[in-house]
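These are my notebook entries on a structure that I examined on screen. I recorded each point as I looked it up.

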Protein chains: 2
Amino acid sequence: MAVGHSLRGLDASALKVTGIDSPKPLPDPGSEELRNIKAATDRMIVASWSASKGWDTPEVVPYGPISLMPSASALQYGTQCFEGMKVFRGYDGRLRLFRPLYNCERLLKSGTRICLPSFDPKEVLKLIHKICELEAPRWLPKEQAGSALYIRPTLIASDSSLGFKVPEEAQLYIFLMYWPSPKPSSGPGQPPKTGVRLWASPETAVRAWPGGTGAAKVGGNYGAALPEHSLASSKGYNQVLWLYGPDRLITEAGSTNIFIMWRTNSGSLQMVTSPLDENNLILAGNTRRSIIELSRQMFAAGTANKEHELDVLERDIPIAEVEKAASQGRLVGAFVTGTAFWIQEISEIFYNSATIMVPMGTTPHVELLRGRMSDIMFGNVESDWVELVAEP
Amino acid sequence: MAVGHSLRGLDASALKVTGIDSPKPLPDPGSEELRNIKAATDRMIVASWSASKGWDTPEVVPYGPISLMPSASALQYGTQCFEGMKVFRGYDGRLRLFRPLYNCERLLKSGTRICLPSFDPKEVLKLIHKICELEAPRWLPKEQAGSALYIRPTLIASDSSLGFKVPEEAQLYIFLMYWPSPKPSSGPGQPPKTGVRLWASPETAVRAWPGGTGAAKVGGNYGAALPEHSLASSKGYNQVLWLYGPDRLITEAGSTNIFIMWRTNSGSLQMVTSPLDENNLILAGNTRRSIIELSRQMFAAGTANKEHELDVLERDIPIAEVEKAASQGRLVGAFVTGTAFWIQEISEIFYNSATIMVPMGTTPHVELLRGRMSDIMFGNVESDWVELVAEP
């Protein structure tokens, strides 16, 4: 095997770009392909890695099947991880990425958790810029201001050895897909029927555990969560609310982070969310951290409208505390956040054979946060959280 | 979607068989391809499933790349599971499968754990017979009595929707591969240097947990175990000994089950292995159950040579008990079992900054069990544990 310093690093500047002869027709809005989240754009970026040579030159190729040996590590041993991001078409006609380096760094962390190869996250970011430059002008045209395309960087082990070992071959690919807009939650004064309905997991179903992979965006987390997700869906719920341990701590809801708003016994307003700690139970969402940071600015004592003031806490949340707040009339609201699912209010939580009704629209916080996030993403306000994508 | 009763079940009798024009040369013994566990036979069986139609006609096709959309559930969400089996070339020149229905039933259980489609395990068994009939005559010829080919049935979700949902398309494939023989352990009286060296996992690394997927043969279990496996390898150990919980219970070693032999304080001999309980921490190995059943026959009180008598117990094994038995001179031996790794004696366990030396070859039990298992697999004795594979 070659020595470390002779291995090639991932180099976005070497990207080989090929044109496409006959671009696909754009899918009709409401088409089955789009609704089923299968409508990818014309091209993707791929880059191969081997332990002996390092990263090969990345290439732009037509979006299409990946070819893997049946014995490939990614198909047998779950050596796969991914990221979820979006490119936004602003009201000023420009394309933006939202805090994208964070996702590239998280991809590296997820890959490292399952022994996939290392890379410079900044090079992945450059590749993401490049595929957006190439694909977004046609797939996210200027007249679609206020909409977005979903970006899915994926890193898998293509090593075809059936042995259980650190993979010696891998592939990075980055593709873009339409992601149907989640239904917006009702605004203030609207009935709560469009809120997210959560099904709390029983003790027999566990998404993540200390020492596991809960904080990494690896495939294994998702397949293992399907039976409970399927059960929740069959009961008419949108997502599983994943509880952990004997204290039934709230961790994640489906593939999103969760925030609860309540009044303390002394009457002050709090927004709480599960912590990122050494237990590594939850994914460190990009929307999650942005909501925390924005809330601390927008609703800080002194800066905010007095009645909007709230404290934001990252701490363990036993679901019994939510139950108690609801029963005492102190529960103010709750919402989930994620790149794909955006910011959506929760209307109810089924837990322990009973329903916790969650007020919706009783305070303007969620609407204000959603508005500020949209303003940043779509260029209505200046922000160093976004990066402009060059367009021809 | 079609109603349930109109869906086609998996039907091995409909198998489409095509010949091959130019069979591959057999790999040289000791070739890199073989050593790297990449040497598959010429053909494999594939069968596709969709939620609307059920199982399509299974087909024999050349062994070669699988084609999946980049968004495929199996690549993104870890919806993948597999089995490990062998076909044995007997000393009588005949081909045998060892308790193969068990593996087919376990494949169904593993798939169900991650919402992959159902099938009749007996049909998978028929397909396994068929691919062995087709491939083994050339790849495991009669003059190779006493050797085996490894069989890898694999079930993955090929659904190309990027949405997180129960997959609506899947593929079953079954291929055969050479698996290099594990080094045999030393016999009685031999030095212990060829034994398996185990590295006990620290509390920060957890393979499986109650409510998780430890008892299912799903990909996610393996990728997540790679960092600790890689660390153990770098320290010169062969496998991770996976401990669980505050009592540091012994669960599995690498991808194998583990058995410990010790003398009780009263001097009687015991063989202990981790239980299959509602915690679902360990895989229910086919070799594991066979060793338990054989030991209970061969070493039962009254039937065995008096000094070979032992009790077989499935129960929790805190590693402290092994430490204590070793320090008191009561530890008699230990071994791991698995289809790929066979039955191998353990020479040492590194735990808590110290090495537990494990005696090897001090009793004949492992050698007797290995001999009996081989006799069954290779046809030296009659047994209803094996099924003959038809040959042209």
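**Entry 1: Leucine 162 of chain B**

I worked from a predicted model. I first looked up B:L162, leaving aside residues up to four places away in sequence. In chain A, B:L162 touches A:N36, A:I37, A:Y150, A:R152, A:F175, A:M177 and A:W179.

I then turned to the largest nonpolar core, which holds 62 residues. B:L162 belongs to the group that touches the most other members, together with A:L75, A:L162 and B:L75.

**Entry 2: Where the chains meet**

I found that chain A and chain B each give 62 residues to the contact. The area buried between the two chains is about 4,800 Å², and carbon and sulfur atoms give 64% of that area.

How many salt bridges are there between chain A and chain B? I recorded a count of 2. One pairs the side chains of A:K38 and B:E169, at 3.7 Å from N to O. I also noted 32 residue pairs in polar contact across the interface. Among the elements that each supply at least two residues of chain A's side are α3 (100-113), β8 (148-157) and β9 (169-177). That side of chain A comprises 33 nonpolar, 22 polar and 7 charged residues.

**Entry 3: Arginine 370 of chain A**

I located A:R370 in helix α9 (residues 365-377) of chain A. Is A:R370 buried or exposed? I classed A:R370 as buried because its relative accessible area is 10%, and the cut-off for buried is under 20%. The side chain of A:R370 makes a polar contact of 2.6 Å with that of A:E367.

Methods
Residues numbered from 1 in each chain as written. Chains lettered and ligands numbered in written order. Predicted model: local features only at pLDDT ≥ 70, side-chain atom pairs only at ≥ 80, totals over all residues. Heavy atoms only, no water. Core = buried A, V, L, I, M, F, W, Y, C linked by side-chain atoms within 4.5 Å. Buried < 20%, exposed > 50% of the residue type's maximum accessible area, 1.4 Å probe, protein only. Contact = heavy atoms within 4.5 Å. Buried area = accessible area lost by both parts, 1.4 Å probe. Salt bridge = Lys/Arg side-chain N within 4 Å of Asp/Glu carboxyl O. Polar contact = N/O pair within 3.5 Å; in protein donor to acceptor, adjacent residues only side chain to side chain. Helix = DSSP H or I, 4+ residues; strand = E, 2+ residues; numbered from the N terminus. Nonpolar A, V, L, I, M, F, W, Y, C, P; charged D, E, K, R; others polar.
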